Amino acid sequence: MYKAVIFDLDGTLLDSLNDILFILNNTLEHFGLPQITREQAKNYIGNGARELVRLAIGSENAHRLDEILAYYKKEYALSDNKLASLYDGEEAALCAFKERGVKIAILTNKPHAAAMRANGIFFKKFGFDLILGQTDGIALKPAPDAVYKIVEELRVKKEECLFVGDGETDVETAKNAGMDCVSVLWGYRTKEQLEAAGATRFAENFKKLQREILG
């Protein structure tokens, strides 16, 4: 049994695609730019807000990135996450992890303030041991820096930890950190996309993930 599990947030613990798409398209409309589709948003999520906005506005608007990103971040910070939700079976699984003494943490490329806001709305009752979002001075995933920080603060060895995420970036992060990884299939990437990134262990639902973690 693993002593600690580090979870990605969007697409892994929180189905936030509708929220992100709504706010992003409102931002694009504000600047007179074409809106994007749900499928495009799924493919753009995973590497932080800056990369999300960069892809959404296109290379022809790259010179406006900082301005548009600032507006998007402001609007996202004001969001009440009313379109987001947990996944089926998630609550029972998170409670089971805590009951068995498994430490749980969140590592996301979402801005830290937004991650903490999501925690207050959706995850406070589960008692996550640590939450770390995009923070100045700490490299974003797939760099392993934030993983090492979490491992140190949780006082566990990386060999005792499992990284859980839904994207290629999560697979790369675990590999770079020398940590076991399970890729979930309810998020924003297909199994084929994850396999192409090097994923070898998968969970189709939270019950399967629970067995992978607790044995």
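How do the residues of the lining of the largest cavity divide into nonpolar, polar and charged? There are six nonpolar, five polar and one charged. In this count Ala, Val, Leu, Ile, Met, Phe, Trp, Tyr, Cys and Pro are nonpolar, Asp, Glu, Lys and Arg are charged, and the others, Gly among them, are polar.

## Basis

This is a predicted model: local features need pLDDT of at least 70, side-chain atom pairs count only at pLDDT 80 or more, and totals for chains, interfaces and linings use all residues. Residues are numbered from 1 along each chain as its sequence is written, and side-chain values use heavy atoms, with hydrogens and water left out.

## Overall fold

The protein chain has 10 helices and six strands. These are DSSP runs numbered from the N terminus (helices H or I, at least four residues; strands E, at least two). The C-alpha atoms fill a box of roughly 50 × 35 × 35 Å along the principal axes. The radius of gyration is 17 Å, which agrees with the value near 17 Å for a compact globule of 215 residues. That radius is taken over C-alpha atoms, and the globule rule is 2.2 Å times the number of residues to the power 0.38.

Buried residues make up 51% of the 215. Buried means under 20% relative accessible area, exposed over 50%, and partly exposed in between (1.4 Å probe, protein chains only).

## The cavity

A search of the whole structure finds one cavity of 30 Å³ or more. About 40 Å³ of space lies in the largest cavity. On a 1 Å grid over the protein atoms alone, a cavity is a set of points where a 1.4 Å probe fits but cannot get out; a pocket is an open set with protein on both sides within 12 Å along at least five of seven lines. Lining residues have an atom within 4 Å of a point.

The lining of the largest cavity includes Leu107, Thr108, Asn109, Leu132 and Thr135. Strands β2 and β3 (130-134) each give two or more residues to this lining.

The largest pocket holds about 400 Å³ of space. It has 28 lining residues; Asp10, Ala49, Asn109, Lys110 and Pro111 are the closest to its centre. The lining divides into 11 nonpolar, seven polar and 10 charged. At least two residues each come from α3 (49-57), α4 (65-77), β2 (103-111), α6 (112-123) and α8 (168-177).

## Alanine 113

Alanine 113 lies in helix α6. Alanine 113 counts as exposed because its relative accessibility is 62%. Its C-alpha atom is separated by 9.1 Å from that of threonine 135, 22 residues apart along the chain.

How values were computed. Points joined across faces, edges and corners; volume = space filled by probe spheres on them.
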